[in-house]
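Please keep the sequence and the model at hand while reading.

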Protein chains: 2
Amino acid sequence: MLESAEVGHSVSKASYARREPRLREALLNAQFDLMQARKGPVLMIITGVEGGGRSETANKLTEWMDPRHIHVTAFGTRSCEELARPPAWRYWRALPPKGGIGVFLNAWYTEMLDARVRGKLSARDLEFYLQETRLFERMLVDEGFALLKFWIHLSKPALRERLEEFDQHTRARRALFKIDTKRARMYQTLRPLWEEMLRETSTADAPWIVVEGQDDHYRNLTVGTVLLDTMKRVISDTPTGPRRTISPGPAPSIVDNVKLLRSLDLTQRIPEADYPKEIAKWQSRLAELTQVKRFRDHSLVLAFEGADAAGKGGAIRRVTGALDARQYVTVPTAAPTDAEKLFPYLWRFWLRVPPRGGITIFDRTWYGRVLVERVEGLCSEFDWRRAYDEINQFEEQVVEDGAIVCKFWLQVSKSEQYRRFKAREKTPFKRFKITAEDWRNRSKWDAYQQAVADMVDQTSSELAPWTLVEAEDKYFARVKILKTIVRRLTEALD
Amino acid sequence: MLESAEVGHSVSKASYARREPRLREALLNAQFDLMQARKGPVLMIITGVEGGGRSETANKLTEWMDPRHIHVTAFGTRSCEELARPPAWRYWRALPPKGGIGVFLNAWYTEMLDARVRGKLSARDLEFYLQETRLFERMLVDEGFALLKFWIHLSKPALRERLEEFDQHTRARRALFKIDTKRARMYQTLRPLWEEMLRETSTADAPWIVVEGQDDHYRNLTVGTVLLDTMKRVISDTPTGPRRTISPGPAPSIVDNVKLLRSLDLTQRIPEADYPKEIAKWQSRLAELTQVKRFRDHSLVLAFEGADAAGKGGAIRRVTGALDARQYVTVPTAAPTDAEKLFPYLWRFWLRVPPRGGITIFDRTWYGRVLVERVEGLCSEFDWRRAYDEINQFEEQVVEDGAIVCKFWLQVSKSEQYRRFKAREKTPFKRFKITAEDWRNRSKWDAYQQAVADMVDQTSSELAPWTLVEAEDKYFARVKILKTIVRRLTEALD
């Protein structure tokens, strides 16, 4: 979930100077309305990487808004009073009232991670407490809270840069920044834990919003914009029936123009002359790995997604070309049939989960829920928002049972897609592959790209990572896919 | 949660003969409507004590209804096919389609308990899987499922009787009954596990319905009635906004007339002459126990609930009479103030959780949510239904931190309450204690009694059990309360 906050988001000084006063005024107005209507409250949890600027963000918010109705609480080591009572007591004490805004720095998340790192919690204990956290947060949402959870992130190089700056300061100034350098230096150890924590506690009620912390302008504008958007939703919410989740969205991409998908280098290619040798090499490695005895304790799930004409079919054929036909199944996924619609959307995929020793290749997948169904309005917002979490749970169960899950998003440029559509129309035996629907989907290019970015943010994890494949050159894409599968298999079988 | 299914519920043969055909016809009609509207589906999980009649119940349902659209799946040992895939796979495969009814015998619950008993799961593992189960069930509910979870229960003597009958049968007939006698004989070991499992997985979306299994007529009518009620709700449900939980209620008490509260023997008394010696004895035991050094690792939470004039105040004074004033706090709970209403309902109680070594006595409690707020319509059905689970979570956290939680319900008869009201009106210094509101509450006696029964069902657990106190005689009540506290403290400090 962290990759898209490692691409170097930034907002220029000029742009910030123009946008900050507007945001500030809107925030103040919204805060007044929230207070008058006694709605909410809004609880913001701000945590993340050491040195990412968590307290700076909180300070900025209190500077922007009316400080009487926004309270920041920093949770550090527990006091004697707190130690004598259940762990949750101090969080209950600090809850904001309706109409107010609370900012919790670190809160229960840092406390849990610290305990895990210091060996006071087993891996299973941590999982259990993460689940308890979900229940607590759900209760808050059911009680009317809008819960915003920000993870302020830094890439490893960005953190290194921060620490170097930091080391050059005088001791007094260092104290001001309050960076725990010891914890900062544990980046590599902590990262898988962060991933697990974000995955396990990102729910439809209270999803994590991962914000890159390197550029102050970007960070402040993003947090402020999400807060404003949420306050507006809370103020205009007139609950009917059971009260239900004013869910904040994934981070708005309006704040700057840098995105994970756009940061892909689509010019990468493999020369035609080198391709046959390259592909043969990786195919034979794949063939070997799926035949070793140890593979019988595992299974392989390959998930392919991509825009129309991105080359999924061709890539899949290069994979199956290396496999024993008795060992794998290819599952082409179309719109659900009437019979399939009588079951939960994950049902038809669950049924095709491979047995140990087996391989299932999905040509389009369960991610249809958060791609086509979201963009085309085939399900409600509530439905696709909860799907991220449900999909994470699904994949986690499969991985826990021994499966290796590789998920590929094949990215092509809009112009390359156009060229391929045109070429298909001209080639008689490929004409069936291009329909009016393909052209229609194309008109929603930007909406699909946004859905893909959110999907990768919410469902890429160490357990079941997404691989973004630069597919402008088919040869490059096919080799990258085979290499990735070989690498993941090698790691798992080692 | 099991006590109220151990009181000997039964329905006479004549009554059953009258009611069964009507229920059967209504079930068939509802099944047809459900199928036509393609609503639901309804998934019933039937599990419980060995020999309680789980499969008999399932068979009765298929006998009553159209067998083409109700499918019973019994989950036993996993097949080879199932062993090769993630544990959840076989449950996904067996899910009923919209419009249908599925009956899962035992399902994931028995599988988890078995693994725990055979030592394949640690206590923490079990807790974790119970939490995962909640997520899975919530997903099903979000997908439109109505989930009915029946625990068919037998008291220990009732089970013993069953087993004796069973032993007298021929071997062939025994095979027919399919009682796992080995598991049946582990009753005592398993009971705390059952309690934990029911507590952890009884949610607003899918609460457990505990049904006494001893009397076939009672059992079948109860399960059938709950199913009918749920199908009617599903058929008439027109989801607006995010789809949300057709929640089945606690077991309907209409089926027979025996209830836990009515089974209390209110004639129990302590002669006035014996009372001073008795009360002094238990007060001094309590005083000793709260002064021992080991108590400093614990705390004591005493929760008092009861009808007006049931004698809560007097009982509390007999408890505090034994305590050091520096050690305890008494918290009288009235309707929340305007300031308190700005916070979640549990907030004001969380703040008063005692520190280790301390004692807090709540005169009326957080249970107001499921008593007065439910009966007087001060919160929505959704709100009080989720409260059972939230309260269980709250008490669990407090107990996990070392607290001993004793909850007392003081039961008086309606006529005794009338006598006390009248007496209060006549006594000048007690007149302030009786108001028009007290008389009004009295008019809702039956609704309150139902709310109390549901409360005890849903929130009494080994961790924080309810003690039902026969309070018709004040002396008896006070001594029983003191004895209970002393017993709980002795157990905890041992």
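How many bridges join β2(A) to strand β3 of chain A, and in which sense do the two strands run? Five bridges join β2(A) to β3(A), which covers residues 101–105, and the strands run parallel. The model described here is a predicted one.

## Strand β9 and its partners

Strand β9 of chain A spans residues 403–411 and is mostly covered, with eight of its nine residues buried. Strand β6(A), residues 299–306, pairs with β9(A) in the parallel sense over eight bridges. Within β9(A), A403(A) is the residue that stands opposite S299(A).

Strand β9(A) is also joined to β10(A), residues 466–470, by five bridges, and these two strands run parallel. Here F408(A) has T467(A) of β10(A) as its bridge partner.

## Nonpolar cores

In soluble globular proteins, nonpolar side chains tend to be buried together. In this model, the largest nonpolar core has 108 residues. The residues with the most contacts inside this core come from both chains: L302(A), V319(A), L410(A), M44(B), L148(B) and F150(B). Helix α20 of chain A, residues 474–493, gives the most to the core, with seven residues. A second, separate core has 107 residues, including Y91(A), Y109(A), Y129(A) and V141(A).

The surroundings of V319(A) show some of these contacts. Not counting residues up to four places away in sequence, V319(A) touches L302(A), I361(A), I481(A), L482(A) and I485(A).

## A492(A) in helix α20

A492(A) also lies in helix α20 of chain A. Is A492(A) buried, exposed or partly exposed? A492(A) counts as partly exposed because it has 17 C-beta neighbours inside 10 Å, whereas a buried residue needs 20 or more.

Leaving aside neighbours within four places in sequence, A492(A) is in contact with H298(A) and I404(A). Although A492(A) and I404(A) are 88 residues apart along the chain, their C-alpha atoms are separated by 7.5 Å.

## The two chains together

Chain A superposes on chain B through a rotation of 180° with 0.0 Å of shift along the axis, at an RMSD of 0.0 Å. The two copies are therefore related as by a two-fold rotation axis. The residue of chain A that comes closest to this axis is F128(A), whose C-alpha lies at 2.6 Å. The same surface serves both copies, since 100% of the contact residues of chain A recur in chain B.

Between the chains, 43 residues of chain A are in contact with 43 residues of chain B. On the side of chain A that touches chain B, the elements giving two or more residues are α4 (89–93), α6 (123–142), α14 (347–350) and α16 (381–400) of chain A. Of these, α6(A) gives the most, with nine residues. By class, this side of chain A has 22 nonpolar, seven polar and 14 charged residues.

Definitions and conventions: Residues are numbered from 1 along each chain as its sequence is written. Chains are lettered from A and ligands numbered from 1 in the order in which they are written. This is a predicted model: local features need pLDDT of at least 70, side-chain atom pairs count only at pLDDT 80 or more; totals for chains, interfaces and linings use all residues. Copies are superposed by least squares on the C-alpha atoms of residues with pLDDT of at least 70 in both. Two residues are in contact if their C-beta atoms, placed from the backbone, lie within 7 Å. Helices (H or I, at least four residues) and strands (E, at least two) are DSSP runs, numbered from the N terminus. Ala, Val, Leu, Ile, Met, Phe, Trp, Tyr, Cys and Pro count as nonpolar, Asp, Glu, Lys and Arg as charged, and the others, Gly among them, as polar. A nonpolar core is a set of buried Ala, Val, Leu, Ile, Met, Phe, Trp, Tyr and Cys residues joined through C-beta atoms within 7 Å. A residue is buried if 20 or more other C-beta atoms lie within 10 Å of its own, exposed if 12 or fewer, and partly exposed in between; C-beta atoms are placed from the backbone. Two strands pair if DSSP finds at least two bridges between them.
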